[in-house]
Amino acid sequence: MSEIESYSSVGSDPGTVLIVLKRAKLAMLWGASYHPIVTINGRAEALPWGAHRVAFSDAEPLSIDVYVNERRLRSLKSTIGRCAAIIPPGTARAVEYSAPAQGFCRGELGPLGTTRSRGLVAQFLIVGVLALICGFMAIGLLGVGLAAMTGQLGELRPPQ
């Protein structure tokens with residue numbers, strides 16, 4: 001577990017901690033039904049993506065564990081992007097979690113504005129390769145369609 005500094009620039013809301021849960025726009029691993037599981041000092045809760053204020057005493061340190069729960073049949077891995085941190089006591093505590101774009105990458109937990117989604121390059125490569133494959137298939141189908149419309153489809157067959 002790492003320790004996260006608290007920043008006073010967030011605005012003080014005594015007795016609360018601000019938790020911001022982000023995911024990459026290109027992340028296609030999980031749909032809208034998958035929510036991050038946030039465990040604070042042993043109390044687990046599934047929260048939707050976005051900003052949340054959770055009430056906790058300013059005098060105690062917070063142990064935070066965040067991951068995205070993946071429940072699929074035949075899945076060997078049930079959690080994606082797990083990471084944990086300890087937030088020291090104080091007012092105006094805020095933490096940000098960025099889920100990974102790929103399931104094999106780790107998530108990031110840190111002060112506001114300092115986290116990033118890992119695995120975006122791999123996600124771009126996967127989407128790019130799939131787009132190329134679809135493009136080549138569309139060009140092939142267009143060629144066969146044009147050949148059929150112009151009557152040249154019979155000429156494409158090998159002689160017998």
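1. Strands here are DSSP runs of E, at least two residues long, and helices are runs of H or I of at least four, both numbered from the N terminus. This is a predicted model: local features need pLDDT of at least 70, side-chain atom pairs count only at pLDDT 80 or more, and totals for chains, interfaces and linings use all residues. Residues are numbered from 1 along each chain as its sequence is written, and side-chain values use heavy atoms, with hydrogens and water left out.

2. On the fold: the protein has 9 strands and 1 helix, in the order β-β-β-β-β-β-β-β-β-α from the N terminus. Of its 160 residues, 37% count as buried (under 20% relative accessible area, 1.4 Å probe, protein chains only).

3. Now to the cavity (points on a 1 Å grid over the protein atoms alone where a 1.4 Å probe fits but cannot get out; lining residues have an atom within 4 Å of a point).

4. Val38, Ile40, Arg43, Glu45, Leu47, Val54 and Phe56 form the lining of the largest cavity. E3 and strand E4 (43-46) each supply at least two of the lining residues.

5. Threonine 39 also sits in strand E3, residues 36-40. Threonine 39 is buried, at 17% relative accessible area. Beyond its neighbours within four places in sequence, threonine 39 is in contact (heavy atoms within 4.5 Å) with Ala44, Ser63, Ile64 and Asp65.

Note on methods
Buried means under 20% relative accessible area, exposed over 50%, partly exposed in between (1.4 Å probe, protein chains only). On a 1 Å grid over the protein atoms alone, a cavity is a set of points where a 1.4 Å probe fits but cannot get out, and a pocket is an open set with protein on both sides within 12 Å along at least five of seven lines; lining residues have an atom within 4 Å of a point.
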